[in-house]
Amino acid sequence: MDELYAKLKEFGRVRANEVMRKHTTFQIGGAVQFLVEVTETEKLVGLLDYLTDEGVPYFILGGGSNLLWTDENFEGVVIKVKTSKFQVKDNIIEAEAGVQLPLVVNLATQNGLAGVEWAVGIPGTIGGATRGNAGAMGQDMSKSVFKAQVWRVGEVVELNNQECGFVYRGSSFKQSGGVVLRVWLKLTPADKKQILIQTQKYSAQRQGKFPAFPSAGSFFKNIKLKDWPGDIQKLPSIYVERQMIPAGWVIEQAGLLGLKVGGATVAKEHGNFIINAGAARQEDVLTLVEKVKEEVYNKFKVELQSEVEILK
């Protein structure tokens with residue numbers, strides 16, 4: 001353990017027996033053997049190579065959103081990616097994986113570049129958003145990613161948009177492995193005022209819908225219109241237009257707002273947010289999730305799928 005600790009210090013700041021609830025937006029999680037904060041991409045690559053060669057289990061952590069951590073102790077290394085360099089050139093924003101998504105939105109707005117307005121107010125890092133193909137308002141990362149630099153089994157490669165294998169809330173490196181190191185977003189020049197208006201519009205739509213309690217963000221994937229077994233004519237027109245039915249709306253229609261198990265609760269403000277209303281454990285959340293899925297299936301014959309990554 002002392003030898004591993006000493007080696008990890010070569011790559012960044014190391015914390016032993018760190019409690020993960022301090023590093024996730026859900027504020028749930030037990031202790032990990034080591035947590036390493038890495039601020040340089042080159043050192044991140046070196047650390048990944050070292051841990052792989054030594055057979056040491058590791059987990060990549062971005063902003064800590066979209067994640068439900070285990071209550072049990074984790075024997076291995078959590079790598080908290082805090083790389084922070086980003087720039088804009090020729091309508092392309094280049095950002096290291098640890099750059100916070102709101103900073104990218106601000107940079108795009110300041111430079112009159114459209115395409116990421118939908119991400120206003122969404123927490124997390126650009127690396128995590130790319131890996132999970134984050135999205136909102138009928139848009140997602142796949143529409144803007146020009147290419148991504150990825151560490152994959154000991155080598156660093158650049159993948160174009162198609163090679164990233166984007167799917168709804170996923171990518172080739174999320175499904176098959178790989179760590180996002182850097183992302184290039186190709187955006188569209190537009191009037192700054194119009195971009196700001198659109199950004200403010202999306203921000204206003206979120207006002208009062210994000211609960212004040214800790215959560216992982218949207219818990220369930222939205223439902224593709226083609227998979228909806230009910231009468232499409234009875235759906236709000238915006239859902240038909242976007243070809244997607246919000247999971248939060250479905251959960252609300254099932255009468256599940258406020259449903260509670262232990263310290264976990266379905267938020268009253270937004271049906272797709274499960275909140276930590278007080279000392280919630282992973283077990284509370286998972287039990288609540290199963291109850292929600294069961295009730296929704298019984299009412300609509302739709303099986304909800306988790307968007308949040310669950311570490312058991």
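Ala, Val, Leu, Ile, Met, Phe, Trp, Tyr, Cys and Pro count here as nonpolar, Asp, Glu, Lys and Arg as charged, and the others, Gly among them, as polar. By these classes, the lining of the second largest pocket has 5 nonpolar, 2 polar and 5 charged residues.

The model is predicted: local features need pLDDT of at least 70, side-chain atom pairs count only at pLDDT 80 or more, and totals for chains, interfaces and linings use all residues. Residues are numbered from 1 along each chain as its sequence is written, and side-chain values use heavy atoms, with hydrogens and water left out.

**Pocket**

The second largest pocket has a volume of about 250 Å³. Its lining is made by Y168, K221, N222, I223, K224, D227, P229, K301, V302, E303, L304 and Q305. A pocket is an open set of points on a 1 Å grid over the protein atoms alone, where a 1.4 Å probe fits, with protein on both sides within 12 Å along at least five of seven lines; lining residues have an atom within 4 Å of a point. Grid points are joined across faces, edges and corners, and the volume is the space filled by probe spheres set on the points.

**Cores**

A nonpolar core is a set of buried Ala, Val, Leu, Ile, Met, Phe, Trp, Tyr and Cys residues joined through side-chain atoms within 4.5 Å. Buried means under 20% relative accessible area, exposed over 50%, and partly exposed in between (1.4 Å probe, protein chains only). The largest nonpolar core has 53 residues, and L8, I79, I126 and L185 have the most contacts inside it. Helix α2 (residues 41-54) gives the largest share of this core, 6 residues. Helices (H or I, at least four residues) and strands (E, at least two) are DSSP runs, numbered from the N terminus. Another core lies apart from the largest one; it has 32 residues, among them F26, W228, I251 and A280.

Contact means heavy atoms within 4.5 Å. Leaving aside neighbours within four places in sequence, I126 is in contact with A95, E96, A97, V99, L101, V104, M141, V183 and L185.

**Aromatic pairs**

Rings of Phe, Tyr and Trp (its six-membered ring) pair if their centres lie within 6.5 Å; planes under 30 degrees apart count as stacked, over 60 as edge-to-face and the rest as tilted. The count comes to 7 aromatic pairs. F59 and W69 form an edge-to-face pair, 4.9 Å centre to centre, with 90 degrees between the planes. This pair links distant parts of the chain, 10 residues apart: F59 is in strand β3 (residues 58-61), W69 in the loop between β4 (67-68) and β5 (74-81). The W69 and F74 rings have centres 5.7 Å apart and planes at 70 degrees, so this pair is edge-to-face too. Ring pairs link F59, W69 and F74 into a cluster.

| Residue | Relative accessibility | State |
|---|---|---|
| F59 | 12% | buried |
| W69 | 0% | buried |
| F74 | 16% | buried |

**Single sites**

T109 is in helix α3 (residues 101-110). At 16% relative accessibility, T109 counts as buried. Its C-alpha atom is separated by 9.3 Å from that of D191, 82 residues apart along the chain.

Q253 lies in helix α8 (residues 247-253). Q253 is partly exposed, with a relative accessible area of 38%. Not counting residues up to four places away in sequence, Q253 touches K299 and F300.
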